[in-house]
Amino acid sequence: MAASSVKTSISKGKGNKVATKFSISYIRVSSLQQTKVDKSGIRRQEQEYIKWLEYHPEYRNLDGVEFRDLGVSGRKNIKSGALGIFLKMAEKGEIPPNTCLVVESMSRLTRDCPYDGIGLARKIWDLGHTIAFTQGRWNGDVITGKERGIFGQIESALDAASWEWEDKRARVMGWVEDCDKKLENRDLSFFTPRQAGKQSTMYPFWLDYDPKINDFIVIEKWGELIQRMFDMGLTMGAKKIAHILLKEGVKNSKGKPFSDKTIRQRILDNRQVLGEKVRTIKGKKKVFKSTFPPLITPEQFDQVQAAKEERKNNPNKNAPNRKMVNLFQGVIFCSECGGNMQVAAKEGFVCKKANEKNGEKIEVSYENIYCDAAVSKRTCNAPNSAPYRQLHRDIDNELNMLKKIANFRWETLFTDSKHENELKVETDKRTRFLNERNKLDDQISKYTNAERDYLEAGRAMPEQLEELKTKATEERDEADKKYRAAQNAIQNIKRKKTGLEQQEHIQKRVKNFIKSDRFIDEKREEFNLWLKEVGIAFEAEIEQTGSNPRQRGNATYDFHTGLGMYDFITGKFRGLDQVDEAAVAFGLDPKIWRKESDDRDKYFKKISLEAGRDLRFPKPKTETKTYPLTFESEAGKEIMANKELLKTPLGKKLVEQMKKNAANTPK
């Protein structure tokens with residue numbers, strides 16, 4: 001960060017000489033970390049300049065001018081730093097003649113090679129100015145460039161500064177390479193646990209490193225907040241999220257409010273939420289997958305990115321202060337295709353009395369609900385729409401759906417036993433996968449040591465050894481993936497309420513919302529997020545009763561609610577959990593049937609993860625498209641061009657078929 005700021009003038013010295021010349025302080029530190037209050041680099045350079053002025057009373061500080069490069073390399077400060085600004089000002093004559101540029105040492109001024117460094121010094125002298133170094137053998141003397149042997153001294157100092165830079169860079173790059181090798185072998189031992197009051201730049205703020213298990217653990221409060229932000233990111237931008245969190249008093253790990261830039265860059269766009277660590281060296285990115293515990297699924301990450309892109313392309317549609325028309329955005333799906341249902345607000349003229357032809361017209365505002373895949377993508381055969389809120393017809397399906405949520409038998413879905421069983425299953429899985437991963441890590445380490453022994457002995461490495469190591473690495477990565485998935489599932493299960501407590505919580509929340517918050521925009525957004533957190537979903541079933549699917553009033557519809565069933569692999573909505581309704585219909589105890597259903601889901605999840613497809617649902621059929629044979633088709637043209645074929649019985653039969661197809665094709 002280059003800075004030229006105002007500094008208080010220091011014009012008095014110990015002597016009685018009259019100040020006739022000006023001086024300027026140049027301060028530089030390579031790292032932004034060195035700019036913190038507890039670092040002495042900047043403070044020491046300031047004190048050195050003050051002392052220099054005391055011993056050089058003929059100079060006084062040039063008021064209003066100060067050059068600082070904070071976090072700028074000594075090899076970039078001419079092109080992109082305050083030193084470059086000094087040179088430009090000197091070229092324009094904006095700095096008084098014979099001004100002395102005071103620097104702590106040669107390495108603070110530049111770390112370029114001697115040839116370039118001498119060129120910099122000569123340029124300063126040629127512009128009519130001087131240089132002084134406060135430390136080392138220079139003793140603060142003002143250097144004009146005309147001193148005897150000065151170029152040799154500068155060359156020697158530049159050579160030392162350049163070598164120091166090269167050595168430091170080589171050590172840093174060596175450390176980075178060692179860390180990369182360890183990451184490739186899933187050795188996280190170079191990470192350190194968090195210390196109270198200190199931040200780590202090596203891993204994200206929502207994690208802590210546990211050396212006992214050589215792995216990261218999610219800090220619960222931050223993990224929950226990250227997941228909530230991604231839920232919010234589906235329907236709102238970073239500014240809106242920051243505004244909501246500010247009103248709630250939510251602060252980051254430094255005790256400050258989350259800014260929209262932080263939310264966008266460090267969270268919503270940060271692939272570390274997927275468990276990846278990305279290192280950028282010389283503009284090239286290197287990705288280490290499964291380094292951190294994943295907080296978000298790849299599907300959810302992609303959905304948020306798509307939503308952000310849509311908001312960018314449609315700013316008016318997704319403005320930060322827009323009204324949430326569809327209270328159930330993201331939790332209501334089409335029964336035909338499983339796609340998202342959207343709500344459109346419209347205005348128009350309708351008859352004052354329903355179904356009255358040529359009657360008195362009134363202007364009304366109303367809302368319809370429709371399948372997005374059917375209307376925008378044309379990939380669903382669902383009817384066009386059904387009423388969402390049409391107050392002129394006394395229809396309020398939003399209110400009806402809220403009542404369905406309040407009256408549903410949530411107690412049987414969120415049972416304590418189910419919660420405990422889920423937690424036990426995932427905990428056992430996590431332990432099993434962790435042990436499996438550790439064993440494979442040990443095996444890979446043995447293969448690596450064997451490779452080193454072969455290389456040190458100068459012997460050819462057996463191909464079988466490389467194959468064994470590759471296989472073990474693939475198995476380790478798979479076990480690590482399963483371990484992290486189980487860890488993520490445990491955290492999700494722990495956050496859920498259970499049994500009667502959950503049912504009472506839902507009923508109370510819905511009743512309060514209907515009574516006081518339903519028409520407040522911010523409360524609607526909060527309620528929508530809560531629906532997603534609880535897992536409530538709706539399925540819209542819309543059927544046509546007339547011949548014209550677009551004729552208004554011809555649709556019959558219903559809305560069903562329950563816990564959403566989502567594909568184990570893709571995360572796509574596949575329907576509602578209807579176990580309780582079926583149990584009641586057959587006169588059975590829903591809790592007993594619920595337990596059997598949960599056990600069955602556990603089994604299916606296990607075999608589905610192995611198969612790579614959710615086996616609870618039938619495999620989608622591949623549709624084979626057929627195209628009629630006509631004279632205009634490519635095949636028809638080839639047939640008509642083949643004179644020999646046309647003479648045969650087959651050719652004549654094909655021509656007859658094309659004539660029939662042409663006669664049956666509507667014009």
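In helix H8 (residues 238-248), Ala238, Lys240, Ile241, Ala242, Ile244 and Leu245 are buried, where buried means under 20% relative accessible area with a 1.4 Å probe, protein chains only. Helices (H or I, at least four residues) and strands (E, at least two) are DSSP runs, numbered from the N terminus. This is a predicted model, in which local features need pLDDT of at least 70 and side-chain atom pairs count only at pLDDT 80 or more, while totals for chains, interfaces and linings use all residues. Residues are numbered from 1 along each chain as its sequence is written, and side-chain values use heavy atoms, leaving out hydrogens and water.

The cover over the buried residues of H8 includes helices H7 (220-233), H9 (260-268) and H17 (521-534); contact here means heavy atoms within 4.5 Å. After H8 comes Gly249, with a positive phi near 80 degrees.

The largest nonpolar core has 37 residues, and Phe230, Phe258 and Ile263 have the most contacts inside it. Such a core is a set of buried Ala, Val, Leu, Ile, Met, Phe, Trp, Tyr and Cys residues joined through side-chain atoms within 4.5 Å. Among the elements that give two or more residues to this core are H6 (150-184), S8, S9 and H10 (298-313). H7 supplies the largest share, six residues. Phe258 touches, among others, Trp222, Ala242, Leu245 and Ile263, not counting residues up to four places away in sequence. Another core, of 34 residues, lies apart from it and includes Leu327, Phe328, Val331 and Ala540.

Strands S8 and S9 run antiparallel and are joined by four bridges; strands pair if DSSP finds at least two bridges between them. Leu207 stands opposite Val218 in S9. The two strands form a hairpin with four residues between them, and Asn214 in the turn has a positive phi of about 50 degrees.

| Residue | Place | Phi |

Elsewhere, the axes of helices H3 (residues 82-91) and H5 (residues 114-126) come within 10 Å and cross at roughly 35 degrees. Axes are lines fitted to C-alpha atoms, for helices over the stretch in contact, and angles run from 0 to 180 degrees between N-to-C directions. Leu83, Phe86, Leu87 and Glu91 in H3 meet Leu120, Lys123 and Ile124 in H5.

Pro387 is in strand S15 (residues 386-390). Pro387 counts as buried because its relative accessibility is 11%.

Key. Buried < 20%, exposed > 50% of the residue type's maximum accessible area, 1.4 Å probe, protein only.
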